[in-house]
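Look at the sequence and the model together. This report covers the ligand site, the sheets and the salt bridges.

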Amino acid sequence: MANQNSLEHLWMPFSANRDFKSSPRLMNEGEGMYYKKQDGTPVLDGTAGLWCCNAGHANKKIVNAIREQASKLDFAPSFQMGHPLGFEAAQKLLQIAPSNDFQYVFFTNSGSESVDTALKIALGYQQHLGNSDKTILVGRNRAYHGVGFGGISVGGLAYNKIHFSLLNNVDHICDTHSLEKNAFSKGQPDWGKELADDLLRVIEKHGADQIAAFITEPVAGSTGVLVPPKGYLERIREICTEHNILLIF
Ligand SMILES: Cc1ncc(COP(=O)(O)O)c(C=O)c1O
């Protein structure tokens, strides 16, 4: 029988569980930029949740919208049924998308699910076009793409991979981290655009006709914040277009 007051029974991801539970940091409330601990001590939330509370905690507009919708309809299945607001949200997203090339929206529940879904859509897209050899997915060293099998496979964090057998058809290009060249850069580093050409090495190794997609974080977050060098992402875009490889951000 579980002890109701014990922290023992919840496994926390990416956390040293024993250490945390011996000296827990439990946040009980939040407002604006601050959490409040159980004893009332405010804590500045420097990461906006995990980058998912960017409009501030307990933002009145958001709280009211959630409250209003939950009291009207909490859930309608997305298989064979729908809800008008889902369609409205898709249209609103497209209105703020960077170009008219974006025409369709697929909603998911988390970053990990988004990544695995995007990889599956990329493979499905290539198959559908008759490019049945385009099955390789390329990621980048040091990348974090969540906790799904696909995301761990294209990710570049060795420690996350040691306990699992993962996708086979995966390769990686080099990352852009260079203390030697880019330490103390402000904004986008001047050096490193040419690192994008490592994608050409992987294309030469496998053949462009074997590669379905390349996935990268525009600004890597979980491996230390790696801001892309000036011109790097533009060069990646160019190479992908030239070799008919889908680019997933
Ligand atoms: C680039 C990237 N992809 C995927 C994920 C996984 O997102 P989630 O924790 O919502 O599954 C994260 C989370 O930090 C991320 O930074």
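Ala, Val, Leu, Ile, Met, Phe, Trp, Tyr, Cys and Pro count as nonpolar here; Asp, Glu, Lys and Arg count as charged; the others, Gly among them, count as polar. By these classes, the shell around the ligand has 2 nonpolar, 6 polar and 1 charged residues. This is a predicted model, where local features need pLDDT of at least 70, side-chain atom pairs count only at pLDDT 80 or more, and totals for chains, interfaces and linings use all residues. Residues are numbered from 1 along each chain as its sequence is written, and side-chain values use heavy atoms, with hydrogens and water left out.

**The ligand site**

Which residues surround the ligand? They are W51, S110, G111, S112, Y144, H145, G146, E217 and S222. The table gives two polar contacts, that is, pairs of N or O atoms within 3.5 Å.

| Protein atom | Ligand atom | Distance |
|---|---|---|
| G111, polar backbone atom | oxygen | 2.8 Å |
| S112, polar side-chain atom | oxygen | 2.6 Å |

On its own, the ligand has 400 Å² of accessible area, and the protein covers 64% of that. Such areas come from the Shrake-Rupley method with a 1.4 Å probe.

**The sheets**

Strands of a sheet pair through backbone hydrogen bonds, either parallel or antiparallel. Strands (E, at least two residues) and helices (H or I, at least four) are DSSP runs, numbered from the N terminus. Two strands pair if DSSP finds at least two bridges between them.

Strand 2 (residues 34–37) pairs with strand 3 over 3 bridges. There, Y34 stands opposite L44.

Another open sheet has 4 strands in the order 5-4-6-7, with parallel pairing. Strand 5 (170–173) and strand 7 (246–248) each have a single partner strand, so one side of each is left without a neighbour in the sheet. Strand 6 and strand 7 pair over 3 bridges. F214 has L247 in strand 7 as its bridge partner.

**Salt bridges**

How many salt bridges does a search of the whole structure find? It finds 6. Each is a side-chain nitrogen of Lys or Arg within 4 Å of a carboxyl oxygen of Asp or Glu. One of them joins K230 and D190 at 2.6 Å, N to O. This pair links distant parts of the chain, 40 residues apart. K230 sits in the loop between strand 6 (211–215) and helix 9 (232–242). D190 sits in the loop between helix 7 (179–182) and helix 8 (198–206).

Methods
A residue is near a molecule or strand if one of its heavy atoms lies within 4 Å of it. A polar contact is a pair of N or O atoms within 3.5 Å; within protein, one must be able to donate a hydrogen and the other to accept it, and residues adjacent in sequence count only if both atoms are side-chain atoms.
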